[in-house]
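Student: I have a new model open and would like to learn how to read it. Could you take me through it feature by feature?

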Amino acid sequence: MSDTNRIYTLPVLPLKNAVVFPYVAMPISVGRPQSMAALEEALAGQTQTVLVLAQKNTSTESPTPADLYSIGTIAQIKLISHIEAMIQIILQGIERVIVTNFSPPHPYLEAQVKPLPLPHGESIEQEALQREVINLTDKYFSLAHPEVHLNFPPVINTGEDIMQLLYPLGQLLPLDTANAQALLESKDLFTTLHFLRDSLLHEIQIHELRHQIADQADKKINHEQRDYILRQQMHAIKQELGDKNPNDTDIEELRKQLAEAGLPDEVLKEAERELKRLEQIPMAAPDYQVTRTHLELISELPWQQTTTDNLNLDNARQVLDDDHYGLQKIKERIIEQLAVMTLNPDAKAPILCFVGPPGVGKTSLGQSISRALGRKFERFSLGGMHDEAELRGHRRTYIGAMPGRIIQAVRRTGVNNPLLMLDEVDKLGHDFRGDPAAALMEILDPAQNFAFRDNYLDLPFDLSKVFFITTANATDTVPKPLLDRMEMLPLSGYSGEEKMVIARRYLLPRQRHEAGLNENQFMVPDETLLSVIRYYTREAGVRELERMLGKLARKVAVRVAEGNTNPVTVTPPDLAEMVGPERFFAEKRRKELPAGVATGLAWTDTGGDVLYIEAIALPDGEKLTITGHLGEVMKESAMAANSYVTAHVQDLGITLPLPQAIHIHVPAGAIPKDGPSAGSTIAAALTSLYTHRPTRSDTAMTGEITLSGLVLPVGGVKEKVLAARRAGIKRIILPEENKNDLRDLPSHVREEMEFIMVQRIEDVLLAAIIAPPELHKECPC
């Protein structure tokens, strides 16, 4: 097959990702029906030859003439074997050819081809290029296949076909189909040699780089192995000599702890650097203890340790109901959060803030939530904290530096998802040492605390899994940006009936247990509990109530310890002897009120309170005198009330002339008072004074007023209503817009109290002042 003018007609065997060169044998797997038909036709012929053409696109399953390269190789089928549905053959490349035409479609492709002479030529440049290719080939095989030894002649003798060397070389190089086809199609020898030289240089560079990377890795591994072997030998020598260096022992222990701590990559890198530095520091140096303590903190923090949340809603309800009476809104919020965590385990923990007076169960509620979730619990107080370093930690450059309270609390719990309760967030201070509230904003913000950096630790620690709960008695002193990061959950005071249930269910059994008594030795009837609540405590919560019950239990314990085994039932008359005389009387409503006195309601840190606002006329002096340790807002409310009443004397049935001077006083002058809610009460007291008609003693009121006569809504409605009820007042005047706040009251309180909802001051006066019939005719309201 050397006649260049002769035309051959051969079946075509398309190859997806291979090129067959002349002088080269190649194993091929045949499985496509078109290819198998062409193979059968070739085997039926005398020469058993086939035209091998490479496909332009490897994804084509049934190639057409347009899908094939036009230059290919005539190959002879040397060996054939069947493996399942495939045929394995070995093709021996014979001659390079070019397709002149394709025959009409058969079950297989058939083409007419003519021989294509192989590249040849002679020149000085070509001979130099041949030698360079041979040298590069030796170098390539020494790098890529050191086990293969090739004996290429340094110079190709005249008359020998150099392509018998170059085509097998192209087959051995990792060329893709396009480059292999380019080598096959090369028109002259100079181009072929250039192509092979470039390919060899590229592969040599790749293998040299691979060897360089492997050598560096081997050197590092060998260095680490050497260090390990030397450490082990040094350790064995010291053991034989009985000489143990405490420094080495400490460092080895630290190294072991750090390896077991599950540190993140960034933290591990820093810890290893510090450990290497520690090895170079003498034990007597000051930096030794500082660095060692820092590494101990890193090893003790719970980087990976966590607890599995108990997301059983029924269990959570049971735990919360067992530990606390009432507080339905708080319990519903906790159940909602558990439901969210059940559906979305990656949900961020909320930052809740329990706001309420002392003793209503804010801290104990946090403990119950922790028990319901199955999380570790830790608490500390923020009250009086002035230095932000107490939260963020001190920098290690200071003597006596230590981590912040947050990191210390997490370390004590031993898990990275505890429930941390931060008490008294409203009592944070700030001075020249910094603002702890500002530091707390980063700690509580889920968008920032996933990489919280304590100044002492100086490494990122994830606080986003921590369930934060804060407590406060009021929100007035909490900075607005900090409030924005917390969800407010108010805990109002308890009614007398609620305190009775709490005392019977929780307080009394606890005080019996602490005093070492049983139910038969110490009994407190309901009427006695009610007397203790009414006359010995004055609070929104139950803390003082528990102290009173504890005092009663200790009195009984003394009798039992002295040998008196008779059961003790504490009756109301026994209270004076056991805990002293009654302590509170102020909340009892006055039977009759003189003109100029009105009953108001106020909110305090301990819940609600009843205020009797008194006004008297003076013959001379300042036009308006206000006393009772009042704040600016309350003084302005008094001025507004006086201005309104003075401007509407005729409408209100007031006889002129008005007194020259008025003195308004709010008793309990030692207690600071402020707020706008006393406006309606002051207006009622002044109108009562000017008209000489008293206000109703069974009625209390609250509401902010305006000069146009509107009564505006106020806060703390539940606490104020409960305070009036404790004082025996059953009739309450409230702003119309506070009507929805009555839903927060217990149902039995709403049923036994009368509520008058008002919109204007005239409505307040009609409901509060005992007026003769003619006033109702004269008053335009």
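Tutor: We go from the whole chain to single residues.

Student: What kind of model is this, and how are residues numbered?

Tutor: This is a predicted model, where local features need pLDDT of at least 70, side-chain atom pairs count only at pLDDT 80 or more, and totals for chains, interfaces and linings use all residues. Residues are numbered from 1 along each chain as its sequence is written, and side-chain values use heavy atoms, with hydrogens and water left out.

Student: How many helices and strands does the chain have?

Tutor: Helices (H or I, at least four residues) and strands (E, at least two) are DSSP runs, numbered from the N terminus. Here the chain has 25 helices and 24 strands.

Student: What does the radius of gyration say about the chain?

Tutor: The radius is taken over C-alpha atoms, and the globule rule is 2.2 Å times the number of residues to the power 0.38. For 781 residues, a compact globule would come near 28 Å. This chain has 48 Å. Its C-alpha trace spans about 140 × 85 × 55 Å along the principal axes.

Student: What share of the residues is buried?

Tutor: Buried means under 20% relative accessible area, exposed over 50%, and partly exposed in between (1.4 Å probe, protein chains only). Of the 781 residues, 46% count as buried.

Student: And what is the accessible surface of the chain?

Tutor: Areas come from the Shrake-Rupley method with a 1.4 Å probe; for residues, only the protein chains shown count as cover. The chain comes to about 39,500 Å². Carbon and sulfur atoms hold 52% of that.

Student: How many contacts join residues 24 or more positions apart?

Tutor: Contact means heavy atoms within 4.5 Å. Take the contacts with a separation of 6 or more: residues 24 or more positions apart account for 74% of them.

Student: How many positive and negative side chains are there?

Tutor: Lys and Arg count as positive, Asp and Glu as negative; His and the chain ends are not counted. A charge is placed at NZ of Lys, CZ of Arg, CG of Asp or CD of Glu. The chain has 81 positive and 105 negative side chains. The centres of the two sets lie 7 Å apart.

Student: How is a pair of aromatic rings described?

Tutor: By the distance of the centres and the angle of the planes. Rings of Phe, Tyr and Trp (its six-membered ring) pair if their centres lie within 6.5 Å; planes under 30 degrees apart count as stacked, over 60 as edge-to-face and the rest as tilted. The whole structure holds 3 aromatic pairs. In one of them, the rings of Phe21 and Tyr167 have centres 5.3 Å apart and planes at 20°, so this pair is stacked. It links distant parts of the chain, 146 residues apart: Phe21 is in the loop between strand S1 (8-15) and strand S2 (25-30), and Tyr167 is in helix H3 (residues 163-172). Phe21 is buried because its relative accessible area is 1%. Tyr167 is buried too, at 0%.

Student: What sort of pair do Trp303 and Phe461 form?

Tutor: An edge-to-face pair, 5.0 Å centre to centre with 65° between the planes. Trp303 lies in the loop between helix H8 (286-300) and helix H9 (313-323), and Phe461 in strand S11 (residues 460-461), so the pair ties together parts 158 residues apart in sequence. Both Trp303 and Phe461 are buried.

Student: Now single residues. Where is Gly93, and what does Gly93 contact?

Tutor: Gly93 sits in strand S5 (residues 86-102). It counts as buried because its relative accessibility is 5%. Beyond neighbours within four places in sequence, its contacts include Phe21, Tyr23 and Ile74.

Student: Is Gln48 buried, exposed or partly exposed?

Tutor: At 32% relative accessibility, Gln48 counts as partly exposed. Gln48 lies in the loop between helix H1 (33-44) and strand S3 (49-54). Its phi is near 50°, a positive value in a residue other than glycine.

Student: What is the phi of His629?

Tutor: About 60°, positive although His629 is not a glycine. His629 is in the loop between strand S18 (624-627) and helix H20 (632-647). At 45% relative accessibility, His629 counts as partly exposed.
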